[in-house]
Amino acid sequence: MSDTQTLIENRPPSVATLFLERVAATPDAEAYRYPVPPASGEGPDDWKSLSWGETAERVYAIAAGLIELGVQPEQRVALSSSTRVEWILADLGILCAGAATTTVYPQTNADESAFIVSDSESRVLFAENAEQVAKAKEKRAELPALTHVVVIDAEGVETGDWVLTLAELEARGAARLEKDPELIKERVGAITKDQLATLIYTSGTTGRPKGVRLPHDNWAYMAKAIAATGLISTEDVQYLWLPLAHVFGKVLTSGQIEVGHVTAVDGRVDKIIENLPVVQPTYMAAVPRIFEKVYNGVAAKARAGGGAKYKIFQWASEVAREYAKASQDNFRRTGTASAPFGLSAKHKVADALVFAKIREAFGGNLRACVSGSAALAPEIGYFFAGAGIHILEGYGLTESSAASFVNPGEAYRTGTVGKPLPGTEVRIAEDGEILLRGPGIMEGYHGLPEKTAEVLESDGWFHTGDIGELSPDGYLRITDRKKDLIKTSGGKYIAPAEVEGQFKAVCPYVSNILVHGADRNFCTALIALDEVAILGWAEENGLGGKSYAEVVAAPETVAMVEGYIKELNEGLQRWQTIKKFRLLPRDLDVEHGEITPSLKLKRPVVEREYKHLIDEMYAGTREA
């Protein structure tokens with residue numbers, strides 16, 4: 001048996017156990033960094049640190065406080081907050097009390113929040129602020145199991161018997177620990193590997209969300225398997241901004257506890273650009289939309305600098321892609337990432353003119369980024385690879401504890417999601433569907449045995465619903481969601497995500513695009529433009545001072561986008577080409593339910609919302 005197999009097979013029953021081991025091993029090492037905004041509201045944030053020992057003090061107090069409130073092993077405790085250090089402290093406190101965390105996105109409306117808290121039978125709710133407390137109060141009659149609400153930011157919140165502050169909970173816990181110092185050790189010691197740890201509700205595009213039951217063993221396995229990839233080390237600084245209510249954000253906390261490196265936590269997406277030079281991370285995880293935004297931003301800045309600057313950017317972009325492709329091909333053949341001499345010389349010039357500035361904007365120390373949750377357009381991946389920002393795509397689902405595949409460090413291949421994590425099995429079904437089996441797979445859907453049986457076979461194989469192909473040496477390429485594949489009326493299958501990804505690489509102004517064409521005789525697209533990028537373009541093209549809606553309705557904008565559609569179509573098969581498109585009057589967003597909090601498109605919602613535009617594009621054609 002290899003060292004990796006031994007490490008994974010001899011894993012402890014829970015991440016709570018790993019946390020206790022980490023605290024004992026490196027109590028004085030830095031664990032977390034978090035921002036404290038200035039009291040005046042002006043100026044930069046002050047970043048504070050917690051050592052593993054200080055983290056443990058707060059985690060154990062939270063755990064003991066929950067036990068004081070009567071929380072029993074495996075009972076659920078809901079957590080409705082944005083990504084911040086208190087989210088991690090609360091989650092670890094819940095786990096160390098032997099309870100299970102139910103995650104709730106803070107953007108979730110009162111009805112759906114109440115459904116999740118009720119369906120999970122959560123006993124306590126950690127609420128970030130007055131807004132989250134108000135949702136719970138509004139629906140209190142529907143939540144008979146909910147005995148307490150613990151508020152993190154208590155400003156404007158009336159506390160009492162039902163609502164207490166996080167500080168009050170920790171004080172109760174600390175008092176309990178004085179009387180019973182072995183309490184947490186005993187609770188953690190009693191946790192079994194198949195005990196429920198986390199309940200994550202998938203944001204369903206139709207109907208009610210399903211609660212995915214992830215036992216303690218899933219996270220202990222993830223922690224050991226991530227460490228076994230060798231992708232992270234004790235010297236790393238991770239910048240964590242992803243929603244922790246999402247499984248992708250949550251899994252990043254497990255790997256960190258096992259390895260023991262520093263994590264800087266701040267979920268404010270509008271602060272990413274400002275935070276990167278301050279945090280100077282060595283790695284961070286993101287979703288493709290973030291890389292698309294950075295790419296569009298760099299392109300827009302170059303264009304605003306005038307014709308010469310934009311030409312240099314376009315030339316450098318091509319050099320980056322060529323260099324990345326050549327380097328990756330050479331690594332595949334020889335094990336060395338190198339490019340031909342002439343291309344390397346060009347790359348050196350492009351690096352000095354363009355790429356070095358991009359790396360600096362990411363903080364200057366970035367070794368790699370991990371991208372997941374949706375497919376990254378290969379052309380954007382190659383651009384960043386050539387610029388020295390190495391994006392390792394990975395793949396997994398809520399039902400597989402997030403990380404089933406990841407690209408292997410230097411041997412990464414853009415356009416693939418890499419190889420399975422040690423201990424995870426994969427096979428491709430006859431219809432192309434990816435099936436997974438291993439210690440990361442969920443126990444099932446909460447209270448929905450028939451839904452569980454639809455996706456989980458008795459021998460442990462899980463049906464992902466994604467279509468993919470494996471290379472001879474084990475790299476997986478995802479081609480589309482099984483249910484999202486379009487079949488035209490002419491019988492041709494189209495993977496819309498592939499076409500959408502190619503358009504994002506071609507057009508620097510796009511924010512979201514949805515390709516439509518099921519049972520039609522040609523494809524159409526709904527396109528939302530990136531507000532910052534398109535308003536910058538408008539300034540230079542005689543449309544300055546106009547609103548976003550006015551700019552996207554202008555004939556000049558439509559003509560500009562049409563040029564990019566023609567460019568896209570040149571690289572597509574005839575049946576994949578976009579014959580007509582419509583620009584949307586606003587960008588798609590989480591608030592309108594058109595994209596998930598992890599920035600994935602909800603196709604049925606968008607198609608329903610803009611049915612009139614789709615019908616308009618097919619009006620007068622045979623099938624309309």
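This is a predicted model: local features need pLDDT of at least 70, side-chain atom pairs count only at pLDDT 80 or more; totals for chains, interfaces and linings use all residues.
Cys 507 is in no disulfide, and the nearest cysteine sulfur, which belongs to Cys 523, lies 18 Å away, whereas a disulfide would require two cysteine sulfur atoms within 2.5 Å. Cys 507 is also buried, since its relative accessible area is 0%. Cys 369 likewise counts as buried, because its relative accessibility is 0%.

Now to the chain as a whole. Its secondary structure comes to 22 helices and 26 strands. The radius of gyration is 25 Å, close to the 25 Å that the globule rule gives for 624 residues, so the chain is as compact as a globular protein of that length. The C-alpha trace spans about 70 × 60 × 55 Å along its principal axes, and buried residues make up 56% of the 624 residues. If we take the contacts between residues at least 6 apart in sequence, 67% of them join residues at least 24 apart. The accessible surface comes to about 26,000 Å², and carbon and sulfur atoms account for 51% of that surface.

Next, one of the sheets. This is an open sheet of 8 strands with mixed pairing, and its order is E7-E6-E5-E3-E4-E8-E9-E19. Strand E7, residues 163-165, and strand E19, residues 444-445, stand at the edges with a single partner strand each, so one side of each is left without a neighbour in the sheet. Helix H5, residues 110-119, packs on this sheet, where it touches strands E3, E4 and E8, and its direction makes about 165° with that of E4.

Finally, I would like to turn to strand E11, residues 262-265. Strand E1, residues 30-36, pairs with E11 in the parallel sense over 2 bridges, with Arg 33 having Ala 264 as its bridge partner. Strand E10, residues 237-240, also runs parallel to E11, and 4 bridges join the two; here Gln 238 stands opposite Thr 263.

How values were computed. Residues are numbered from 1 along each chain as its sequence is written. Side-chain values use heavy atoms; hydrogens and water are left out. Two strands pair if DSSP finds at least two bridges between them. Contact means heavy atoms within 4.5 Å. Axes are lines fitted to C-alpha atoms, for helices over the stretch in contact, and angles run from 0 to 180 degrees between N-to-C directions. Buried means under 20% relative accessible area, exposed over 50%, partly exposed in between (1.4 Å probe, protein chains only). The radius of gyration is taken over C-alpha atoms; the globule rule is 2.2 Å times the number of residues to the power 0.38. Accessible areas come from the Shrake-Rupley method with a 1.4 Å probe; for residues, only the protein chains shown count as cover.
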